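Me: I'd like to learn how to read ring contacts and side-chain neighbours in a model. Could you walk me through this one?

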Amino acid sequence: MKLTDSREEAVCHGAGPCVVIAGPGSGKTYTITSRIKYLIEKMNVKPGEILTVTFNKAAAVEMEARFKNSINKSKNNINYNGVRFGTFHGIFFYILKKAYGFNASNIISEEEKFNKIKEYVMEENVETEDMNEFVSSIINEFGIVVSDMININNYYSSTCGRDVFIKIYNRYNDYLCNNNLIDFDDMMMLCYELLTKREDILNMWRRIFKYILVDEFQDINKIQYEIIKLLAAPLNNLFVVGDDDQAIYSFRGARPSIMLNFKEDYKDAKMIRLKENFRCSEKIIDASSKLISKNKKRFPKEIEGVNKEKSFLSIMSFKDVNDECNYITDYIKKMKNDGIELKSLAILYRTNLEPRLLISKLMENNISFMMKDKLPNIYEHFIAKDIISYIKFSLGETKRENFLRIMNKPNRYISRKIINSEEISLFKLKQDNINKSWFVKNIDKLKYNLSILKNLSPKEGISYIRKVIGYDEFIETYAIEKNINKEELISVIEEIEEESKNFKNYDEWFEHIDNYSEELKKIKRNELMDDYVVLGTMHSAKGLEFDKVFIIDAIEGITPYSKASIPEDIEEERRLFYVAMTRAKYVLKILYPEKRYNKNTKVSRFINEIKC
């Protein structure tokens with residue numbers, strides 16, 4: 001790869017701050033590694049004075065490998081050894097290690113962190129249907145508090161009550177302190193505190209790292225930026241590379257406004273735009289550029305395509321999700337028959353909830369696939385567990401755990417305090433509360449419903465639980481109480497119901513659930529063939545490229561996501577769709593179903609923006 005005019009300008013930038021706008025496929029890694037070589041070869045900067053920061057370990061390893069590969073081709077006697085490549089957390093921990101003597105044993109594992117916070121949540125008697133999801137949300141909010149440098153007493157949680165959140169936060173941090181442990185959030189916070197309170201230590205690191213390069217700068221958060229500014233001053237040899245149009249991690253605390261306002265912080269900063277796209281073919285560049293131009297808060301860009309290969313862009317509608325999935329599996333089977341490598345195709349979606357039917361279809365057709373994200377098992381969702389408990393209880397599995405899941409869904413006003421035995425007898429419950437007419441009425445009704453339920457097919461049974469027993473009423477109430485979009489929960493139960501229609505009885509359906517769950521475990525263990533289709537969320541596809549990309553379920557409520565309500569959120573959703581589109585080199589297919597679980601859908605506004 002050679003240097004274009006814009007890349008040469010970036011590489012040969014002298015001292016002082018510089019922001020490089022690097023769009024998809026613009027060769028930013030090549031630009032950064034070439035910049036490092038230029039600093040050493042032409043500006044006589046010592047390798048040990050150069051710090052290159054990335055956002056994940058894989059990117060840091062790749063960057064270092066690409067740099068070493070480039071210097072191996074250099075025919076000179078220059079010493080390139082000593083350039084430091086690392087993640088933000090890796091660099092910050094290195095600084096803390098030198099100051100406080102930390103080592104790897106001081107870092108709390110993600111598993112221990114999760115379990116400790118889960119323990120505190122349970123001790124607060126927080127009611128939630130999905131404890132793991134609740135704990136994950138708490139952990140994510142802990143990260144926001146740190147990355148945005150928010151005083152915990154001024155933070156209002158969207159996951160639970162403010163007092164409970166603060167109590168859990170403080171207990172967790174006390175646990176870390178008492179056990180001489182730190183987590184990844186602490187690495188940022190402690191490093192910032194160290195550098196602001198100890199000027200001698202700050203000046204030492206400033207003398208070491210005289211030139212700082214930051215990759216994927218659009219993903220930086222507030223505290224990371226503050227630390228980088230501290231280290232870069234007063235020379236301010238800060239070379240940052242990123243693309244504001246690919247800022248998609250605000251939920252992690254990333255703030256694209258930092259990149260947009262870089263020249264306000266550094267008045268003398270040079271701005272360079274890498275306008276060439278070496279990846280995408282012309283039609284894909286034109287369509288994606290048309291889409292992203294609808295965003296208002298961005299740097300204007302003119303992207304020029306270098307890839308002159310023939311390109312294909314199609315927008316396809318299907319009668320329903322089933323037809324959409326059948327088209328995909330047929331397409332993949334044809335690829336196999338034609339001897340085309342499956343790895344050349346990526347199927348992208350907004351969240352990991354979307355591909356569950358597709359996964360079943362791929363399994364049925366013995367199509368090997370690899371997922372970039374945590375594998376979704378719909379039968380582990382609390383709604384699926386509730387449905388299964390209803391059916392099992394009707395079939396005579398009257399265990400306490402089954403009854404606790406169903407007794408108040410919908411609300412029958414049955415207290416957990418009276419459910420003491422491991423096996424539950426509705427007759428005994430009724431007799432023990434015979435003087436409460438409302439209680440007797442509710443138990444009699446439940447008993448009658450269960451007697452009907454046990455004789456139905458799986459699909460009929462799930463429909464009966466929803467419409468007659470009243471589970472949909474519970475979902476509606478639960479959604480209001482937890483401030484959750486009801487449609488998200490309804491889509492889960494509709495998918496479970498849709499999947500169950502192929503089974504004649506409950507035994508067959510339960511066997512399918514076991515087999516499906518086992519297959520997913522095999523995928524988790526990476527028991528894959530040499531060739532496979534790549535499945536991933538739009539987020540996980542960032543930084544990757546494929547010959548062919550399918551974007552599925554391009555409908556309102558999914559993309560843009562239903563939770564995106566304010567203009568800033570919609571702009572991020574548009575950026576996310578843009579990222580998905582620009583993973584494709586030659587073939588891009590955008591698919592959407594006209595019906596989703598027997599309900600009409602509305603095509604994504606992003607498709608209309610591409611067309612207009």
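Me: Let's start with charges and rings: which residue lies over the face of Tyr 94?

Reply: This is a predicted model, so read every value as computed from it. For a charge over a ring, look at how far the charged group is from the ring centre and whether the group sits above the face. Here Arg 84 lies over the face of Tyr 94, 3.9 Å from the ring centre. A further case is Arg 162, placed over the face of Tyr 156 at 5.0 Å from the centre of that ring.

Me: Thanks! How many aromatic pairs are there?

Reply: A pair of aromatic rings is described by two quantities, the distance of the centres and the angle of the planes. The count for this model is 29 aromatic pairs. One of them joins Phe 88 and Phe 92, with 5.9 Å centre to centre and 55° between the planes, a tilted arrangement.

Me: Where do Phe 88 and Phe 92 sit relative to each other in helix α4?

Reply: Helix α4 covers residues 88-100, and because the two are 4 residues apart in this helix, about one helical turn separates them. Phe 88 is buried at 2% relative accessible area, and Phe 92 is buried too, at 1%.

Me: And what kind of aromatic pair do Tyr 327 and Phe 550 form?

Reply: That pair is stacked, with 6.3 Å between the centres and 25° between the planes. Tyr 327 belongs to helix α14 (residues 321-337) and Phe 550 to strand β13 (residues 546-551), so the pair ties together parts 223 residues apart in sequence.

Me: Now a charged side chain, please. Is Glu 609 buried or exposed?

Reply: Glu 609 is buried, its relative accessible area being 13%. This residue is found in helix α25, which spans residues 605-611.

Me: What does Glu 609 touch?

Reply: Start with the contacts, then look for polar ones among them. Leaving out residues up to four places away in sequence, Glu 609 touches Lys 290, Leu 291, Lys 294 and Arg 574. With Arg 574 there is also a polar contact of 2.8 Å between the side chains.

Technical notes: Residues numbered from 1 in each chain as written. Predicted model: local features only at pLDDT ≥ 70, side-chain atom pairs only at ≥ 80, totals over all residues. Heavy atoms only, no water. Phe/Tyr/Trp six-rings, centres within 6.5 Å; stacked < 30°, edge-to-face > 60°. Buried < 20%, exposed > 50% of the residue type's maximum accessible area, 1.4 Å probe, protein only. Lys NZ or Arg CZ within 6 Å of the ring centre and 35° of its normal. Polar contact = N/O pair within 3.5 Å; in protein donor to acceptor, adjacent residues only side chain to side chain. Contact = heavy atoms within 4.5 Å.
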